[in-house]
Amino acid sequence: IIEKSGKMPSWVNTLESGFIITSAQQPKLEDAKQKALNNIKEEIVRSVADHIRVKTEINTRELSGDVNSFLETYQSTVTSESGDVPFLQGISLNKVSGWYWEKIKDKVNKKVFYQYYIKYPFTEFELNELIDAYKRQDRELTERLNTQLVVIDNTTSLDELILAHRQLTEMTTLFKDQRKYKVRAGIASFRGLLQNMRLSPIENIPGKMI
C-alpha cells in the first residue's frame with residue numbers, strides 16, 4: 001500500500017446487517033469508485049431476484065417475471081443499463097454510509113491500482129420496496145404486450161397496426177420467459193396481415209382515384 005484515504009474502517013471485508021459492503025479494483029481511483037457502486041447495484045439486483053425466486057418456489061407457481069434474464073443481462077451491462085432500470089435509479093454515491101480506498105503497487109509486475117470499498121445502507125424495508133417496484137414494472141410490461149397483441153388481432157387501421165408492430169419489435173429483447181413467444185406470434189401475425197394487404201380502387205375517374 002503506497003497511499004490510502006485514511007485509517008481502514010472496521011467494516012472493510014466484513015458482513016453487516018442492513019448494509020451492502022463491496023469493493024472494486026481499477027487502475028484509476030474514479031473508475032474503482034464507480035465500479036464499486038455498480039457492484040452495489042448488482043448485489044441489490046441479486047437480492048431482488050433471489051427473493052422472487054424463493055417466493056416463487058414456495059408458492060410452486062411459474063415465475064411470470066423475467067428475473068433470471070434480467071439479472072444475467074444486468075450483470076454484463078451494469079454501467080450502461082442501470083439508468084434504464086426504474087427501481088435502481090435512486091442508488092447513488094450520495095447515500096453511502098462509508099467509503100475507503102487504497103493505492104496499491106504489485107511487487108511482482110510493478111502495476112499500480114486502486115482498491116475502493118463502499119458501505120451502502122440497504123434494509124429489509126428497502127428490499128421489499130424494490131421487489132414491489134420490480135413487480136409493478138413487470139406487470140406494466142405484460143399489459144403493454146397484451147395491448148399490442150389485441151391491436152394486431154382487431155384493428156382495421158394500418159397506422160395502428162404499424163405502431164403495434166413497432167412496440168412489439170422493441171419488446172423482442174425484454175422477455176426470456178413464455179412471453180417472448182407471444183411477442184414472436186404477434187410479429188408473425190403482423191407480417192401475415194401485410195402479405196395479404198392490397199390496394200383496391202373504390203373510385204377511379206380522370207383526375208381522381210380513391
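On one side of helix α6, the residues R184, R191, Q195 and N196 are exposed, where exposed denotes over 50% relative accessible area, buried under 20%, and partly exposed the range in between, computed with a 1.4 Å probe on protein chains only. The structure is a predicted model, in which local features need pLDDT of at least 70 and side-chain atom pairs count only at pLDDT 80 or more, whereas totals for chains, interfaces and linings use all residues. Residues are numbered from 1 along each chain as its sequence is written, and side-chain values use heavy atoms, with hydrogens and water left out.

On the other side of α6, R179, V183, G186, I187 and F190 are buried. Viewed down the axis of α6, these buried residues fall within an arc of 95° (taken from the directions from the helix axis to the C-beta atoms), so they line one face of the helix. Their cover includes α4 (124-154) and α5 (158-170).

The axes of α4 and α6, which are lines fitted to C-alpha atoms over the stretch in contact, with angles running from 0 to 180 degrees between N-to-C directions, come within 10 Å and cross at roughly 25°. That angle makes α4 roughly parallel to α6, a term that applies under 35 degrees.

Elsewhere, V48 lies in helix α1 (residues 29-59) and, at 3% relative accessibility, counts as buried. Residues up to four places away in sequence being left aside, V48 touches L127, L130, I131 and Y134.

Technical notes. Helices (H or I, at least four residues) and strands (E, at least two) are DSSP runs, numbered from the N terminus. Contact means heavy atoms within 4.5 Å. Angles under 35 degrees count as roughly parallel, over 145 as roughly antiparallel, 65 to 115 as roughly perpendicular and the rest as oblique.
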